[in-house]
Amino acid sequence: AHPAAKIVLGNDRVLHADTAAADGIVVMPLMEALTVHEELIKEHLMAQSAGLGGEKFYALHAAALRGGVFVFVPPGLEVDRPVELHQWLGGVNASTFPHSLVVAGLGSNVTVVDYFQSLGSEPGFACGVTDLAAGDGAAITYVNCQRWSRKVRALHFVSTTAGRDASVRSVFLHLGAA
């Protein structure tokens, strides 16, 4: 089935965006969303600490953040098709700092499938962050499928906040990276 929306990024730059049939949800590049949805982003973007000794890489991600995707589902909206995010890495010793910020408003429901993949088998570095924020009674299903080259050093941080009676389900499939 055709996704509700789809964005493709390469080395943190938007290559393709198909959000015309987004069924009332907002799916847009994170940097562009900063000007339109500033309050939501300030509230949820990297709002939790990394913990577990990852603070320096979390700080590196914040300092190098130049791409990423913002998904916002307005209150009460149930999205029946998944949102697809494709974040590619290409080039010898290239680096990427992918960021996915998913905010589900009161009583909304969304599934986001986030693909991370290398264009070739070159070495590289990926330091990603996903922020999932479900409002009261909201439901988020998040699937992260990482297929970096076996020569890519990769880290990925996830923070989740859930309101009253909210549900956040996450699945992480790591098929690549060093």
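Me: Are R164 and D165 buried or exposed?
Reply: Exposed means over 50% relative accessible area, buried under 20%, and partly exposed in between (1.4 Å probe, protein chains only). R164 and D165 fall in one class, and that class is exposed.

Me: What do the side chains of R164 and D165 meet in?
Reply: This is a predicted model: local features need pLDDT of at least 70, side-chain atom pairs count only at pLDDT 80 or more, and totals for chains, interfaces and linings use all residues. Residues are numbered from 1 along each chain as its sequence is written, and side-chain values use heavy atoms, with hydrogens and water left out. The N to O distance for R164 and D165 is 3.9 Å, and they meet in a salt bridge (a side-chain nitrogen of Lys or Arg within 4 Å of a carboxyl oxygen of Asp or Glu).

Me: Which residue forms a salt bridge with K42?
Reply: K42 is exposed, at 56% relative accessible area. Helices (H or I, at least four residues) and strands (E, at least two) are DSSP runs, numbered from the N terminus. The closest N and O atoms are 2.9 Å apart, and the partner is E38.

Me: How many residues apart in sequence are the parts that D12 and R66 tie together?
Reply: D12 forms a salt bridge with R66, with the closest N and O atoms 3.3 Å apart. D12 lies in the loop between strand 1 (5-10) and strand 2 (13-18), and R66 in the loop between helix 3 (55-64) and strand 4 (69-73), so the pair ties together parts that are apart in sequence by 54 residues.

Me: What is the relative accessible area of D12?
Reply: R66 is partly exposed, at 38%. D12 is buried, with a relative accessible area of 6%.
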